[in-house]
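Here's a quick briefing to read with the model open beside you.

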Amino acid sequence: MEEEKLTGSEETSAAKANGLSEVNRGVAWDGCSVLLDINDGDRLVFSRLSPSASIKIGNKKCSLRPLVGCPFGSLFTVETGPSGPHLSRSAPSSTGNCVEEISKDEGQSVNEIRDNRSLIDNNTAQSLSSEDIEAMRSEGATGDEIVKALIANSSTFEKKTVFSQEKYKLKKQKKYAPKVLLRRPSMRSICETYFKKHPQRTGFMRVDTLSMLLSMANVGPYSDALVLDKLGGLVVGSVAERVGGTGYICSTYFGTVPYQIDIVRMFNLSSDVCARILQAPFSDLSPLQNAPSECAMSDPSDVRPGSPETAQPDPSNELLQDGDSLLDSRDNGDDTLTGQKPVKPGRKAPPEIVKSWKDNGFTSLIIAAPEMDVESLIMDLLPLLAYSAPFAIYHQYLQPLATCMHKLQASKMAIGMQISEPWLREYQVLPWRTHPHMQMNAFGGYILSGIRISNSNTGGVIEDKAA
């Protein structure tokens, strides 16, 4: 990994620049957020590593302590020892590639006329009973040993085709020797997990839609991005990950209570990056600070997110306590490494930075608020954008973006506008079996993008040629 190539002094300075001391971001540390991939995507769980953290796999409860200090991408198996079930690190195997495991003699059988038509599923092919399996477990047999015993005691295994044998092995492995993959929470993995488990909490935003949203808004290093995020902080965290602590991210909101951005804590961002995530109400950013915003007056959702009148938790935060997910959104985890109070994302923007934004404008604008009126939002937020700067608006449906696009065309506030519909199809890549998935998600939302310009109505230098 790249951190291993650094010298000792360079690694120390790099760690201090990230707000940590002697910490390798390529490995899991005590207090960090992790994504646990169980049995190759069958189950995805967010968790925060701590001495008391554990996960339940089947009917076994395992501690997550062995994950601390292991590189992201490590594979673990569930084993039973004298102290009970525990996670044991194992080397990645090539069981998924059946062709590599076939010898030359067995490889000839692949081309033979051989199928499963003579096999009858009457529950008599397996001579190993459940009592025998429990006896093996009590004697300390591992999951792989149980799978091998099941194969040896199956009277129909040798009659199956090579691919059927691999499917049989995989099915038994998931039951008796489950695998746990330690994944790093990133923009892609977090978005994919939410889309798979609870898509409504992130506005049904797919990972390709999120990446296209950032690209169309031209988010990059040294960007000053204005973000209106009503998706729990998914967009704010993704922008911060791409900016990388070189620019600023302003998470704006209407009303007096900021919108929830708890998903940002899953990204394991350093203190330096978290310090670049600021929150400022629209009233502070608007040149007319004393005038109420049109969107703030007309949109009833201003009093919903966390206001004292409703006082209910944000839906995006429910995934943190869903099932056996142990991710505590109140703890950032960096304080266990540095001994000092961590920098939390979303602090109030200092007056001098707000003044700089007012004078120079933002370099990017991203709106992801499907529950709000995007037409009113863009009319309020677009004047805060610098001239020739891009903007991108995400919505679950097409009609609100079409209405917003017509309004911008009529007001001559933007050019180069287009509405894009992302399209994604996954492929199965296996030996002799590479093909598109039979089922796919056909809907990923819509994105309205464009570039802000000046016109005579806003006091710019471009005059109306029709006059």
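Predicted model: local features only at pLDDT ≥ 70, side-chain atom pairs only at ≥ 80, totals over all residues.

Where does Tyr222 lie? Tyr222 sits in the loop between helix 7 (207–216) and strand 8 (224–229); helices here are DSSP runs of H or I with at least four residues, strands are E runs of at least two, and both are numbered from the N terminus.

Residues are numbered from 1 along each chain as its sequence is written, and side-chain values use heavy atoms, leaving out hydrogens and water.

**The chain overall**

- The protein chain has 15 helices and 17 strands.
- Of its 467 residues, 48% are buried (under 20% relative accessible area; exposed is over 50%, and partly exposed is in between, with a 1.4 Å probe and protein chains only).
- Take the contacts (heavy atoms within 4.5 Å) in the protein chain with a separation of 6 or more: residues 24 or more positions apart account for 71% of them.

**Loop residues with positive phi**

- Most residues other than glycine have a negative phi.
- Tyr222 isn't a glycine, yet its phi is positive, at about 65 degrees.
- Tyr222 counts as exposed because its relative accessibility is 65%.
- Ser388 also isn't a glycine, and has a positive phi near 70 degrees.
- You'll find Ser388 in the loop between helix 14 and strand 13 (390–395), and its 60% relative accessibility makes it exposed.

**Helix packing**

- Helix 14 (residues 374–381) packs on helix 15 (residues 399–411) at an angle of about 40 degrees, with the axes 9 Å apart; axes are lines fitted to C-alpha atoms, for helices over the stretch in contact, and angles run from 0 to 180 degrees between N-to-C directions.
- Helix 14 brings Val374, Glu375, Ile378 and Met379 to the contact, and helix 15 brings Pro400, Thr403, Cys404, Lys407, Leu408 and Ser411.
- The residues in that contact of helix 14 with helix 15 split into six nonpolar, two polar and two charged (Ala, Val, Leu, Ile, Met, Phe, Trp, Tyr, Cys and Pro are nonpolar, Asp, Glu, Lys and Arg are charged, and the others, Gly among them, are polar).
- In helix 4 (residues 143–152), the buried residues are Gly143, Ile146, Val147, Ala149, Leu150 and Ile151, and they pack against helix 3 (130–138) and helix 5 (162–176).

**Aromatic rings**

- Rings of Phe, Tyr and Trp (its six-membered ring) pair if their centres lie within 6.5 Å; planes under 30 degrees apart are stacked, over 60 edge-to-face, and the rest tilted. That rule gives seven aromatic pairs.
- Trp357 and Phe362 have ring centres 5.0 Å apart and planes at 35 degrees, so this pair is tilted. Both Trp357 and Phe362 are buried.
- Ring pairs join Tyr248, Trp357 and Phe362 into a cluster.
- Phe443 and Tyr446 are edge-to-face, at 5.9 Å between centres and 70 degrees between planes. Phe443 is partly exposed at 27% relative accessibility, whereas Tyr446 is buried at 15%.

**Charges over rings**

- The charged end of Arg276 sits over the ring of Tyr248, 4.6 Å from its centre (the cut-offs are NZ of Lys or CZ of Arg within 6 Å of the ring centre and within 35 degrees of the ring normal).
- Lys230 lies over the face of Tyr259, 4.8 Å from the ring centre.
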